[in-house]
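Subject: Structure handover, with notes on cross-links and charged pairs

Dear colleague,

Please find below the structure I promised to pass on to you.

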Amino acid sequence: MKGNGKPKSVHTVLFFTFLAISISISSSSTLQYQSLILNSLPKPQSLSWNNEKTGTGPDLESETDPYSNTLSLDLHHVDNLSPSAFNSTPESLFKLRLQRDAVRVKTLTTIAAVAVGNASRNKRDFSSSVVSGLTQGSGEYFTRLGIGTPAKFAYMVLDTGSDIVWLQCSPCKKCYSQTDPVFDPAKSSSYLGVSCDSPRCRRLDSPGCNNRQKCLYQVSYGDGSFTVGDFSTETLTFGRNRVKNIAIGCGHDNEGLFIGAAGLLGLGRGKLSFPGQAGSRFGNKFSYCLVDRSASSRSSSIIFGKSAATTRNAVFTPLLINPKLDTFYYVGLNGISVGGTRVAGITPSLFNLDSYGDGGVIVDSGTSVTRLNQPAYIALRDAFRARTSNFKRAQDFSLFDTCFDLSGMTEVKVPTVVLHFTNADVSLPASNYLIPVDTDGKFCFAFAGTRIGMTIIGNIQQQSFRVVFDLANSRVGFAPRGCA
């Protein structure tokens, strides 16, 4: 019997060794991964439009059923509009995109800070400082629509972070170079100046008044760019559908680093944005889907109307109200998972919108890279690094501090990333968070940290989702594979 002691010890060691291996295998098997097909940075695509019609279409106000039709418009990336794009390398264009992004984020956060500062001192279907998608070429996506009667078609940037609709107008005191002729209001029968005492004029942040008692507007930007001119009403034409009586800024002095487009179509949540003015005519719903430009040559799209929110597989999260700032689309973010496991340290409190309007999370079409407040970003980054330790690390790139050398590879397995919004878990495609930054196989984790309170969900993370702004029900939806 005494001779059985040693075998018993060996058996014990073997048992615990087997148990440890089993736990390790079990733990590894719970991690969730998905495949990423490795594509290089895209080159600019030639522009093509199928939605411009020179004939007249229905006036939305006169239709008996204002929700009987849907109009879908093509969207293109701003790189395709820049005059120098086709003479630039994909790498240089991407670096410029990140530079624009930094200016965009600075301007967004400046506006939020001003709002917070003021608060603290005061304790039918168809498919004043504000933030512009045009400042330094940012905003990223534009479409083509008609202005005036008869309609003159021009490129307009779409921007969920802006309210005022504006474009360059003649006569110009100073106008930047744009692709289309500058709009001449004298040649439009539907152009009408807004009076100084009108409610629309009073809604401007910094309204002015000329000697004819007509309203003036001014929009300024964080980089010193600005547009100044007459505040007026006009008819906008989407395909063959006309929307009358939209208040727009007709800019006669437009100075700064703008690119190509004639102006901006503000899609923000404020009363002077296009949805704010015309929302009741298309059911207070619109949606867009942005394609992954590194994997598809198809155009992105935007839809106005009831059909914008009929996607079956969409998950919805409630819109939150910032009483100090009504332009942005705020949502609740409760956490983030990597590889199927919630990241410790990323708690709902990091994303709270406080009573002074500080913090919170916004969904923005004009910011490229999602910015998380620093504690949340560091926790997310470290969790991702721990699950990609088998990847060869590469040098940092611009604002990205987690990059990999995947040269010579065509496909890799990457841990899943899920954004846990209130009532909506959004699982990101791998191409929405591990992205190419050059043509030599360098890929970077496409999140960044910020030391300001506000978190911004950018358009890289929104790619391939149909993002639904259902204002009628005060919610935002995300439908995967929504660009088909």
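At 39% relative accessibility, Cys 209 counts as partly exposed, where buried stands for under 20% relative accessible area, exposed for over 50% and partly exposed for the range in between, computed with a 1.4 Å probe on protein chains only. Before going further, please note that this is a predicted model, in which local features need pLDDT of at least 70 and side-chain atom pairs count only at pLDDT 80 or more, while totals for chains, interfaces and linings use all residues. Residues are numbered from 1 along each chain as its sequence is written, and side-chain values use heavy atoms, with hydrogens and water left out.

Disulfides

The structure holds six disulfides, a disulfide being a pair of cysteine sulfur atoms within 2.5 Å. When the bonded cysteines are counted along the chain, the pattern of the protein chain reads 1-8, 2-3, 4-6, 5-7, 9-12, 10-11.

The partner of Cys 209 is Cys 196, with an S to S distance of 2.0 Å. Cys 196 sits in the loop between E6 and helix H3 (199–203) and Cys 209 in strand E7 (residues 208–209), so this link ties together parts that are 13 residues apart in sequence; helices (H or I, at least four residues) and strands (E, at least two) are DSSP runs, numbered from the N terminus. The link of Cys 196 and Cys 209 is right-handed, with 100° about the S-S bond, and Cys 196 is buried, its relative accessible area being 18%.

Another disulfide joins Cys 169 to Cys 250, with 1.9 Å from S to S. Cys 169 belongs to the loop between strand E5 (166–168) and strand E6 (192–193), and Cys 250 to strand E10 (residues 241–255), so the pair ties together parts that are 81 residues apart in sequence. The torsion about the S-S bond of Cys 169 and Cys 250 is about -110°, which means that this disulfide is left-handed, and both Cys 169 and Cys 250 are buried.

In the disulfide of Cys 403 and Cys 444 the sulfur atoms lie 2.1 Å apart. Because Cys 403 is in strand E21 (residues 403–405) and Cys 444 in strand E26 (residues 442–445), the pair ties together parts that are 41 residues apart in sequence. With 105° about its S-S bond, the link of Cys 403 and Cys 444 is right-handed; Cys 403 is buried at 0% relative accessibility, and Cys 444 is buried with a relative accessible area of 0%.

Salt bridges

The count comes to seven salt bridges, under the rule that a side-chain nitrogen of Lys or Arg lies within 4 Å of a carboxyl oxygen of Asp or Glu.

One of them pairs Arg 144 with Asp 180, the closest N and O atoms being 3.0 Å apart. Arg 144 lies in strand E3 (residues 141–147) and Asp 180 in the loop between E5 and E6, so the parts tied together are 36 residues apart in sequence. Both Arg 144 and Asp 180 are buried.

Lys 285, Asp 470 and Arg 475 are linked in a network of salt bridges. Within it, Lys 285 meets Asp 470 at 3.7 Å, N to O, and this pair links distant parts of the chain, with Lys 285 in strand E12 (residues 285–289) and Asp 470 in strand E29 (residues 466–470), 185 residues apart. Arg 475 meets Asp 470 at 2.8 Å, N to O. Lys 285 and Asp 470 are both buried, whereas Arg 475 is partly exposed, with a relative accessible area of 28%.
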